[in-house]
Amino acid sequence: MDKQKDKVAPSRSIGSYPFAEIESKWQKRWDEQKLFRAPDFPTNPYYVLVMFAYPSGDIHMGHFRNYIVGDAIARWKMMQGHQVLHPFGWDAFGLPAEQAAIKRKLHPRDWTLNNIEMSRDTLKKVGISFDWDREVASCLPDYYKWTQWMFIKLFENGLAYRKEASVNWCSTCNTVLANEQVDSEGRCWRCEGTVTKKKLEQWFFKITAYAERLYRDIDTLPGWLESVRMMQRNWIGRSEGCRIDFTIAETGERLPIFTTRPDTVFGVTFMAIAPESDTVSRLPIPESKKAEIAAYIQRSISKSELERTMGSDEKDGVFTGCYATNPFSGEKVQLWIADYVLASYGSGTVMGVPAHDQRDFLFAKKYGIPLRVVIHPQGGQLQGSELQQAYADFGVMVNSAGFDGKAGEDAITAVTDYAAAHGIGGREINYRLRDWLVSRQRYWGCPIPIIHCPHCGPVAERIDNLPVMLPDVKDYIPKGRSPLADVPEYTNVRCPKCGGSAERDPDTMDTFVCSSWYLFRYTDSKNSEQPFAPEKAKAWLPVDIYIGGTHEHATGHLLYYRFFTKFLKDIGYLTIDEPAVRLLNHGMVLDAIGTPMSKSAGNVVSPLDVMASKGVDTTRLAMHFAAPCGKEVLWSEDGIVGVDRLVQRMYRLALVHSRDHGTREQTSYKRSDVNEETWKTYVRLNQTVKKVTEDLDKLQFNTCIAAIMEFLNDLGELDGSVPRFHAFAIQKLTQLLAPLTPHLSEEIWEMFGHAESVFKSHWPDHDSEAIEDDSITIAIQINGKLRATITVPRGSQPQLVAATARAIEPVQKHLQGREILKEIIVPGKLVNFVVR
């Protein structure tokens, strides 16, 4: 750096960046100025939302990354002239808090609220631009009152119902789990314990009523990762096929099945029912088989879905002693219970076609069930006795009465149309998605606002009686039923409809209910008359960018809040179909050995320790610089060195050049205003502005930082012959850095005499007249190997470039005594001499 730049104004001295003093100063000023308070009715809105935080303790570097990403976006959008809503709140009910409280012999409320206070204090030290006036916590009555309101509205619209069902049961957590809370290996998403099936009366939300809209509208979400969209498509599992109504031979009860291969219906030689299907209880099972069947069902439901559907080739089942009648052939076939059939698919019953389905083939071979070939490959024939595996491809129908000779899609259409015309089935769309099980047998959750009356049935609590307060209990240790069931003063109530004696529902809600609507509450968080005013929600929604974890939420929270959005639109509270335009799924933060940081793993690093030694902005930069937002970060404090150098350098440059206050009105330079070297540096400054702007939009903060570092090196090579140019450039860099280093940037901005916050300044535009250098660098290769570079005027003729390359000494040396066979010229980039 030249001596001119190192001269310091007499009133200042150069030292290390005093981060503690500056951070405190600006956080206090932001708070005093209410800089991040969002208006109710913005004129140019931008809604930045980070996922609801679970207060399990103080934040660690994984949380830190999540929040600084949202903060950078929010601050950048402020500088682009948007009014930004950047709220924060706490997903404060739930199983982990209850378990932690039990372990520590505390009340879950005390544990949770203490963690909220601690985490909030840390977040304020980080200087995140949250609008704290809109803070919510799902465990507080002013929030869960409206969660109960949501439940009642769903109930009133026929979308919340109670039934006995075979449910996922975690014996470790002693509670029910939704399908989305059981991982692919059949384990609990929280404790990783084995999940079994259990029959219980449970509450469900009828999310299946929205299956088609949820599936169809995935295509309206181009701002979401395709992997997340694909996971939702697969989870909803839309299939077009045919319903065929078999009957139970002994009772005549209809036994519908769903199939995508109705062309194989004449090949049915058995039927199979899921062990947990309600149909089993209605079968006229012979007395001699009841004990065997009961034992089999118990064994089956103790297995995970993965064990039942994947497993080995060994398929398992038991004959019920009953039969089903095929409506097409009139044939009676054996009715089995088989654990490879799931109640969650279709009707929970499947037709067994062993000649044309490999799973059915294995089952039939094991139990001696006959095979019947009803599909021949085009131009070929099959013999059932010779089959070594099922023929599952399309082909020509045979042994199928009047359908013989029909093939492929024509065959499927013919069978489907026949079923519809004769009242034995027809075209149908099936979904893998099941209704959302929302009741939990736990204490620390939102009480279900339903009263059970022996005369009126389930009745919703009156809206004016909300919230149904979660009472204090002496014993909230789980016993397989809700602890609230043992609180008579809570459960014994009067029916809101008839006034008679009734019982309040003792269960609490799945915490995913709380997090399915919080984004709407933020638009009107203090409203005591309704969950939010529709006009305020309309002013801000949809969320412009939603930031959080990826696949653990893809088929849970990210599906549920889409469902709530559509429902609230249907009842007139929202005008949008989808909650968020763009979804950013940031990568996890890993420890030194590559394990994701989590409190349960005991490997968390607190940002407070790093911030105390290097400052908030340096810690932010180190995290941003470590990897692109969507990639994992292997956290190491070794990465702090380079970014700390950047912070210190910017601060020193500002001390040196901030005396040139007059430059703050400078907006651009002309080619004629400056010398050659300064013009080149000015061009590189504009290239940096353009790149940082583009990369911020791509959320590639690491390359933004790299571009700024590179330009600082260029600036360091420039002499001071053009007065005040350094001051001009530093102010531009300060604005570029502001979303990433807010405290440092505010301080430097003030040094240059600006009265308003840097976040009230206009994001710099690049000068389109100074975005390209007058000269460019050309790589010179010989037989593909780089031998030299040359600088030529932009737009030079290719042959002139080649001639210039041949004339320089390094190239002449390699060409001496050799024949040039070919000159390959890529304009503006390289010249390659092919020689021998």
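User: Which residue takes a positive phi in the hairpin of β5 and β6?
Analyst: N174, with phi near 55°; four residues lie between the two strands of that hairpin. This is a predicted model, where local features need pLDDT of at least 70 and side-chain atom pairs count only at pLDDT 80 or more, while totals for chains, interfaces and linings use all residues. Residues are numbered from 1 along each chain as its sequence is written, and side-chain values use heavy atoms, with hydrogens and water left out.

User: How do β5 and β6 pair?
Analyst: In the antiparallel sense, over three bridges, with β6 covering residues 175–177. N168 has L177 of β6 as its bridge partner. Strands (E, at least two residues) and helices (H or I, at least four) are DSSP runs numbered from the N terminus. Two strands pair if DSSP finds at least two bridges between them.

User: And how many bridges join β5 to β7?
Analyst: 11, and those two strands run antiparallel. A160 stands opposite F205 in β7.

User: What order do the strands of that sheet have?
Analyst: β6-β5-β7-β17, an open sheet of four strands with antiparallel pairing. β6 and β17 (436–437) are at the edges with a single partner strand each, so one side of each has no neighbour in the sheet.

User: Which helix lies across β5 and β7?
Analyst: α6, residues 141–156, which runs at about 80° to β7. Contact here means heavy atoms within 4.5 Å. Axes are lines fitted to C-alpha atoms, for helices over the stretch in contact, and angles run from 0 to 180 degrees between N-to-C directions.

User: Where does the largest share of the lining come from?
Analyst: From β5, with seven residues. At least two residues each are supplied by β5 (160–170), β7 (195–205) and β9 (254–259).

User: How do the lining residues divide into nonpolar, polar and charged?
Analyst: 11 nonpolar, 10 polar and 11 charged. Ala, Val, Leu, Ile, Met, Phe, Trp, Tyr, Cys and Pro count as nonpolar, Asp, Glu, Lys and Arg as charged, and the others, Gly among them, as polar.

User: Which domains give residues to that lining?
Analyst: Domain 2 (146–206 + 435–512) and domain 3 (239–429) both do, so the pocket lies between them. The bounds come from an automatic or database domain assignment.

User: What else is the chain divided into?
Analyst: Domain 1 (19–138 + 515–549), domain 4 (632–770) and domain 5 (775–835). The centres of domain 2 and domain 4, taken over C-alpha atoms, are separated by 56 Å.

User: Back to sheets. Which open sheet of four strands has parallel pairing?
Analyst: The one with the order β2-β1-β24-β25. Its edge strands are β2 (83–85) and β25 (580–585), each pairing on one side only. Neighbouring strands in this sheet are turned by 20° against each other on average, direction ignored.

User: How many bridges join β1 to β24?
Analyst: Three, between residues 45–50 and 543–548, running parallel. L49 has Y546 as its bridge partner in β24. Helix α3 (residues 61–79) lies across β1, β2, β24 and β25, at about 175° to β1.

User: What does β20 form with β19?
Analyst: A hairpin with three residues between the strands. Four bridges join β19 (residues 450–453) to β20 (residues 457–460) in an antiparallel run, and C453 is the bridge partner of G457.
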